[in-house]
Amino acid sequence: MRLATWNVNSIRARKDRVLAWLDRSDVDVLAMQETKCKDDQFPEVDFRELGYEVTHHGLSQWNGVAVASRVGLEDVRLGFDGMPGFHKDPEQSQDPEARAISAVCDGVRVYSLYVPNGRELSDPHYTYKLEWLARLRDHASAELVADPDAQVALVGDWNVAPLDEDVWDMEVFEGKTHVSGPERLAFAAFDGAGFREVTREYTPGPGVYTYWDYTGLSFPKRKGMRIDFQLHSPALAARVTGAFIDREERKGKGASDHAPVVVELD
């Protein structure tokens with residue numbers, strides 16, 4: 001089975017590219033993030049015509065997550081236990097955002113995750129990000145406690161660069177989000193909970209990225225970040241035989257600013 005994750009940065013703007021990639025990539029399950037649409041705006045029919053069942057969770061023109069599968073799509077769940085919400089006005093209701101969805105695909109529970117950005121270290125969104133990651137870690141850990149043999153994939157845009165080599169220049173990121181100590185500790189906590197990041201072994205750095213900003217010719221200048229990952233439970237990690245980052249999909253007209261990250265399972 002081929003399992004992929006991709007921050008598509010608006011499925012309506014990039015529908016044709018995503019569908020064309022699926023048509024030639026032989027991917028069985030694709031987790032998508034930042035779809036930027038409501039449920040009734042998602043092009044579900046186009047995916048079904050290509051042979052994929054799809055489930056989507058979107059509340060507005062921001063965020064949005066989805067899972068598309070040609071190997072079954074069962075037991076869809078929105079969010080996760082304890083998932084916090086956010087509103088820039090602390091006096092308003094802190095409602096959960098459309099940042100997590102999961103479904104069972106051929107025996108694997110696949111989570112499509114769009115971790116909050118954090119914005120600035122002094123911003124309430126940063127505190128929200130850390131809490132969001134902590135609650136996700138608690139939820140994922142509880143899943144493994146309940147069933148140590150569970151096949152679970154936590155995949156998506158994590159908005160964390162765990163190692164210095166995961167950004168093109170650490171000096172540029174000094175004092176900024178994505179590379180701060182608390183964020184890296186929050187990411188590392190998943191390993192402590194039993195989940196292993198399975199792509200780096202097959203795509204070692206430095207200079208290996210999954211995201212390049214649209215500005216400043218970041219892509220041709222190789223000024224990127226590695227922030228898209230797949231974290232697998234022990235039973236699923238044991239099935240991994242390879243992984244790659246499809247950097248070619250960042251090229252050309254109408255590309256997302258992220259590249260697909262694909263894992264091969266036996």
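Q: Helices (H or I, at least four residues) and strands (E, at least two) are DSSP runs numbered from the N terminus; in the loop between which elements is Asn9 found?
A: This is a predicted model, in which local features need pLDDT of at least 70 and side-chain atom pairs count only at pLDDT 80 or more, while totals for chains, interfaces and linings use all residues. Residues are numbered from 1 along each chain as its sequence is written, and side-chain values use heavy atoms, with hydrogens and water left out. Asn9 has a positive phi, near 55°, although it is a residue other than glycine. The loop holding Asn9 is the one between E1 and H1.

Q: What is the omega of the peptide bond that joins Gly205 and Pro206?
A: Most peptide bonds are trans. The bond from Gly205 to Pro206 is cis, and Pro206 belongs to the loop between E9 and strand E10 (211-212). Its omega is about 5°.

Q: Which residue of E2 is the bridge partner of Ala4?
A: Strand E1 (residues 2-7) and E2 run parallel and are joined by 5 bridges. In E2, Ala4 is partnered by Leu30.

Q: How is H3 arranged relative to H4, roughly parallel or roughly antiparallel?
A: Angles run from 0 to 180 degrees between N-to-C directions, with axes as lines fitted to C-alpha atoms, for helices over the stretch in contact. Under 35 degrees counts as roughly parallel, over 145 as roughly antiparallel, 65 to 115 as roughly perpendicular, and the rest as oblique. H3 (residues 124-146) and H4 (residues 181-192) pack at about 5°, with axes 10 Å apart. H3 and H4 are therefore roughly parallel.

Q: Which residues of H4 make the contact with H3?
A: Contact means heavy atoms within 4.5 Å. From H3, the contact is made by Tyr126, Lys129, Leu130, Leu133, Leu136 and Arg137. On the H4 side, the residues are Pro182, Glu183, Ala186, Ala189, Phe190 and Gly192.

Q: What is the largest C-alpha distance among the residues of the UniProt "binding site" annotation?
A: UniProt positions follow the numbering used here, feature names are shortened, and annotations may be inferred rather than shown by experiment. The unreviewed entry lists Asn7, Glu34, Asp157, Asn159, Asp257 and His258, with Glu34 in the loop between strand E2 (29-33) and helix H2 (44-49). Although spread over 252 residues of sequence, these positions cluster in space. Their largest C-alpha distance is 13.1 Å.

Terms used: Two strands pair if DSSP finds at least two bridges between them.
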